[in-house]
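Let's take a friendly walk through a protein model together.

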Amino acid sequence: MAGLFSALIGTRRSGRVRLPTGAPQQGGRPGATGPGSVPLAGASGTETGAFTAATQRVRLILEGADDPDEEERAIEALTSQRGWKVRAVRPRDGLTVPDGHAALIVDALAHGQRRTAVGAVREQAARLLRQPPVGFRIREAELVRHQDEPNTTLVRVMRRRPPDLGGFRRWLWRYREAMGGADTGRVLTVALLPEEDGEQLKVRVKEQWAALTRNGAEFDDDLYDLRLSIGPRPRADTDGPLPRPGVVRRFGTLWWLLFAVLIPLASGWTLASLSSPWRYLALFPPLATFGPVGYWVTSNEPRPRLLRLAWGVFVVGCVTWVSYQWSVNSPGGLGAQIRGMLPVLLTLEIAVGCWHAFSRSWLSRNLLAILPVFLAPLPFVLPWAGSFLHTAYLEEVLGIPESAVHIAFYWQYFVALKPAALTLAIMLFYVSLYGWAKYFNLHVSQGIFLNTVFPFLILLAILGIADRTLNEVQTAAERAYLAATRGEQPPAYYGLKARLMCVRPVEPGKTVSVQPGPLPTRRPVLVFPREGDTLWVWDPSPERGRVSDEHAVRMRAEDVSLYPATGTSCP
């Protein structure tokens, strides 16, 4: 039971892998093995064989001193990377190892861009061999590329038409076969031969069915048939003899590009640009290309005519419709279309960059634990920030206490959402730049620089947004009191809705307590919705002083009456 528990714990641990004491054999030299150890043929950095989302693969050849301890330390260091495998050199590798030296082959996984993967893996391997120091050096690094099998096509197995069908049902079954409705779900990848059309290919596959499939049985031609996936006829092999010319072969790729794309684009643009009834003549060139384009798209084997025509209508019609709609819905011209695409491209760049930044990161692995920590303070931080901005508007510019003005609670959230959203957008932009740097593997070679610069840029962005927000608050308050000076109704600011009002004493002969006096009765003043028994107004009179916060006047609300103002003076 204790051994089972230790094994379960070991499978969940990531990091260095415990290796046997024996070292791999090098060039026919038997590895030195200790008592009870097993000679190592290869080691992996993923004990559990977990799936990895690596996109690149790099093979390294390491060379060092012929010392079993150094080899074991090198394997231990390199297999600490997830997905990396290390093995000994085999005779079929064709490597020449000098006397007194040993070589290891590392199969490393990398992420990001292909051209920078080799440099990133070399840098990572060199870093692993430096700390702690291991006496092995990188001799060669090579990017492993996926080799697609050239000149192949897909052959699909389908059920053969029942012999008792006739007439209209037979016609329907033919179209069902051509569209894949009778497929059995079995697909073979078959090599193409020069001077071979679709029918000859299917005959060859049927003859070689036993060799191409795993069961070794002959093809049952009574129950099944073969068909090719819809597509153009493959180009002839340049090493073999050229096939006999046909309708499709008379035109090159550029001509088919002209028929399928350029002519429909020009026709759609012409139809949208002209207003004369003669513009419908521009539809004749696309109509004339339905047949040739449909024949080219489905030319890898004989197919029903209506199906070929339908494919031509689909391809040419889609291109024409897109061109027409693009021209109709973009009357501003090509420049306006490009300017309209820039925000879309910028948003796409930020989204993809953030994906690269957050993938395979500590944040993505612990998102469920971190997200509540970030979201929980928002209901408290947003109203505090909104109250701070309202205070800056009222007290710093107009000299009116924020507590004396009634503001609906939801406006404290709304006024803080704009700077918060702008800060988040700029932060995501910088994070996307880091993600693209990570995609190009710059975080490996320039990790210290990136980890220092990007947090500094984010801090500058936050400080810049804070300064810009405070300037906007000051500008909004200045617009309000300048409008009051001109006798105009000022604009509102996130729940702060001031109005020009005339102030009169409730009892004309009674003295009204005003600080600072006198009571402004000759011209309209700015009045905000009050909170409490004290009324604060902002007097635009120049006698109050040259600083805006000196124009704030306080009085008791029950001592005065307010009347709507008209003009720059009060009756």
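We begin with the largest pocket, which is lined by 41 residues. To find the middle of the pocket, look for Phe374, Ala420, Thr423, Leu424 and Met427, the lining residues that lie nearest its centre. Keep in mind as you explore that this is a predicted model. The volume of the largest pocket comes to about 1,500 Å³. Several helices share in the lining: helix 10, helix 11, helix 12 (residues 367-375), helix 13 (residues 378-398), helix 14 and helix 16 each give two or more residues to the largest pocket. Which helix gives the most to this lining? Helix 14 does, with 12 residues. Of the residues that line the largest pocket, 37 are nonpolar and four are polar, while no charged residue takes part.

Now for a space of another kind. Rolling a probe the size of a water molecule over the atoms shows where empty space is left. How many cavities of 30 Å³ or more does a search of the whole structure find? The search finds one, and the volume of this largest cavity is about 40 Å³. Around the largest cavity you can pick out Lys418, Pro419, Leu422, Ile465, Arg468, Thr469 and Glu472. By class, the lining of the largest cavity has three nonpolar residues, one polar residue and three charged ones.

Helix 13 and helix 14 meet at an angle of about 95 degrees, and their axes are 7 Å apart. Angles of 65 to 115 degrees count as roughly perpendicular, which means that helix 13 is roughly perpendicular to helix 14. On the helix 13 side, the contact is made by Pro379, Leu382, Pro383, Ala385, Gly386, Ser387, Leu389 and His390. On the helix 14 side, you will find Trp411, Gln412, Tyr413, Val415, Ala416, Leu417, Pro419 and Ala420. Together, the residues of this contact divide into 12 nonpolar and four polar, with no charged ones.

Next, turn to helix 8 (residues 284-297) and helix 9 (residues 305-328). Their axes are 7 Å apart, and the two helices pack at an angle of about 120 degrees. Helix 8 and helix 9 are therefore oblique to each other, and their crossing is right-handed. The residues that helix 8 brings to the meeting include Pro286, Phe290 and Tyr295, while those from helix 9 include Arg308, Trp311 and Thr320. This contact has 10 nonpolar residues, six polar residues and one charged residue.

A further pair sits earlier in the sequence. The axes of helix 2 (residues 68-78) and helix 3 (residues 117-130) come within 9 Å and cross at roughly 130 degrees. This pair is therefore oblique as well, and the crossing of helix 2 and helix 3 is right-handed. Ala74, Ala77 and Leu78 of helix 2 touch Ala125, Leu128 and Leu129 of helix 3. What classes do these contact residues belong to? Six are nonpolar, with no polar and no charged residues.

Finally, let's look at the backbone in some loops. Follow the chain past helix 3 and you reach Pro132, in the loop between helix 3 and strand 5 (residues 136-143). The peptide bond from Gln131 to Pro132 is cis, with omega near -5 degrees. A cis peptide bond also joins Gln515 and Pro516, where omega is about -15 degrees. Pro516 lies in the loop between strand 10 (residues 514-515) and strand 11 (residues 525-527). Our last stop is Arg360, in the loop between helix 10 (residues 334-358) and helix 11 (residues 362-365). Phi of Arg360 is near 55 degrees, a positive value in a residue other than glycine.

Key: Residues numbered from 1 in each chain as written. Predicted model: local features only at pLDDT ≥ 70, side-chain atom pairs only at ≥ 80, totals over all residues. Heavy atoms only, no water. 1 Å grid on protein atoms, 1.4 Å probe; cavity = no way out; pocket = protein on both sides within 12 Å on 5 of 7 lines; lining within 4 Å. Points joined across faces, edges and corners; volume = space filled by probe spheres on them. Nonpolar A, V, L, I, M, F, W, Y, C, P; charged D, E, K, R; others polar. Axes fitted to C-alpha atoms, helices over the stretch in contact; angles between N-to-C directions. Helix = DSSP H or I, 4+ residues; strand = E, 2+ residues; numbered from the N terminus. Parallel < 35°, antiparallel > 145°, perpendicular 65-115°, else oblique. Left-handed = near helix turned anticlockwise from the far one by under 90°. Contact = heavy atoms within 4.5 Å.
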